[in-house]
Amino acid sequence: MAFGARQNAAALTPMEVSLFFREYFLLFESGIGLSDAAYIMAENSADDRAALCKGIAERIDEGTPLSQALAETGRFPHHALHMVEIGQTSGRLDSVLEGLALYYERQDRLENSIRSALTYPLIMIGVMAAVLGVLVIKVLPMFGAVFKDTGAKMPLILRLVTESSGFTALLIGIIIAVLVLLIIAFRGAGKALTSGEDAKGILASLPFMKQIMEKTASGNFAYTMALLLSGGVPIESALEQTME
C-alpha cells in the first residue's frame, strides 16, 4: 500500500501544489539533494504536510524516482506528475519545478477569479428562488382564498397550488434541485480550466471554455517539447512523452 493511501488525505489544492514545488525548487537549485530537500521541507511543515514530505523523502532514499514517489502519495495532479517525469528525462528538473510552481499559482488565481465572477449571479439566483418559494408557500394560497371568497374562477396555476399539496411539493423540489445543480456548477467552474482529468463535464463543453482549454493545451505542448528537445531527447521520443 502506498504511503499516500495510508494517510487517507485529500488531493492538494493548486496553491498547495504551487507552494510545494516552489519550495522544492529553491532547495534543489541551491544544490540540496532531492531526498534531503524533502526532509528539510518536512521539518518546517505542519503535521499533514510533514508526513507527506517525509514519505516522499523515504521513497527517494529507497531508489524511487521523484515522479513515482509523488504519484504514490495520490495527492498531486496528473499533469504535475508527467511534467516531473519529463524533467527527469530531459535533465531539466529545476526548470520543471519552477514552471510547475508558476503554473499552479496561475491556476489558483484563475479558479478564484471564476468563483468570484460566479458568486454574484449565484446569490441573485438564490434570492430569486427564495422569493419564488415564499410566493408559492405563502402568497399564492392567500390569493386562492380571495378567489374562493369572491367566487371568481381561479387560474390553473393558482388552482394547482391551492388545491394540490403534491404540486406545491413538486415545485419546491424543483427549486431546490436547480439550486443544488447551480452550486455544483459553481464548485466545478474553477477546475474546468485545469488540465488533464479535471477538464471534463458540461462546463468543459461550453464554447468559451473549450477555446481557453485548447490554448492551455497548446501552451503545455510547446513548453513540454521545449524542455525535452533542450535536454537532448530525440524528437520522436519527445512527441511520445508529450502526448501522454
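Predicted model: local features only at pLDDT ≥ 70, side-chain atom pairs only at ≥ 80, totals over all residues.
Local features are reported at pLDDT of at least 70 and side-chain atom pairs at pLDDT 80 or more, whereas totals for chains, interfaces and linings use all residues. Residues are numbered from 1 along each chain as its sequence is written, and side-chain values use heavy atoms, with hydrogens and water left out.

The chain contains 11 helices and 0 strands, where helices (H or I, at least four residues) and strands (E, at least two) are DSSP runs numbered from the N terminus. Along the sequence, the elements accordingly read α-α-α-α-α-α-α-α-α-α-α. Of the 244 residues in the chain, 34% are buried; buried denotes under 20% relative accessible area, exposed over 50%, and partly exposed the range in between, with a 1.4 Å probe and protein chains only. Contact is defined as heavy atoms within 4.5 Å. Among contacts between residues at least 6 apart in sequence, 54% join residues at least 24 apart.

Two packed helices are described by the angle between their axes and the distance between the axes. Axes are lines fitted to C-alpha atoms, for helices over the stretch in contact, and angles run from 0 to 180 degrees between N-to-C directions. The axes of α3 and α4 cross at roughly 160° and come within 8 Å. These two helices, α3 and α4, are therefore roughly antiparallel to each other; angles under 35 degrees count as roughly parallel, over 145 as roughly antiparallel, 65 to 115 as roughly perpendicular and the rest as oblique. Their crossing is left-handed, a term for a near helix turned anticlockwise from the far one by less than a right angle, with right-handed used if the turn is clockwise. On the α3 side the contact involves Leu34, Ser35, Ala38, Tyr39, Met41 and Ala42, which meet Arg49, Ala50, Cys53, Lys54, Ala57, Glu58, Ile60 and Asp61 in α4. By class, the contact of α3 with α4 comprises 9 nonpolar, 1 polar and 4 charged residues. In this scheme Ala, Val, Leu, Ile, Met, Phe, Trp, Tyr, Cys and Pro count as nonpolar, Asp, Glu, Lys and Arg as charged, and the others, Gly among them, as polar.

Helix α4 (residues 47-61) also packs with helix α5 (residues 66-73), at an angle of about 140° and with the axes 9 Å apart. That angle makes α4 oblique to α5, and the crossing of this pair is right-handed. Leu52, Ile56, Arg59 and Ile60 in α4 meet Leu66, Gln68, Ala69, Leu70, Glu72 and Thr73 in α5. The contact of α4 with α5 has 6 nonpolar, 2 polar and 2 charged residues.

The largest nonpolar core has 38 residues, and those with the most contacts inside it are Phe20, Phe21, Tyr24, Ile56, Leu66, Leu70 and Phe76. Such a core is a set of buried Ala, Val, Leu, Ile, Met, Phe, Trp, Tyr and Cys residues joined through side-chain atoms within 4.5 Å. Two or more residues are given to this core by α2 (14-29), α3 (34-43), α4, α5, α6 (78-90), α7 (93-150) and α10 (207-230). Helix α7 supplies the largest share, 7 residues. Beyond its neighbours within four places in sequence, Leu70 is in contact with Phe20, Phe21, Ile56, Phe76, Leu81 and Val84.

Two glycines lie in loops. Gly74, in the loop between α5 and α6, counts as exposed at 55% relative accessibility. Gly232, in the loop between α10 and α11 (235-243), counts as exposed at 58%. The C-alpha atoms of Gly232 and Gly91, 141 residues apart along the chain, are separated by 8.8 Å.
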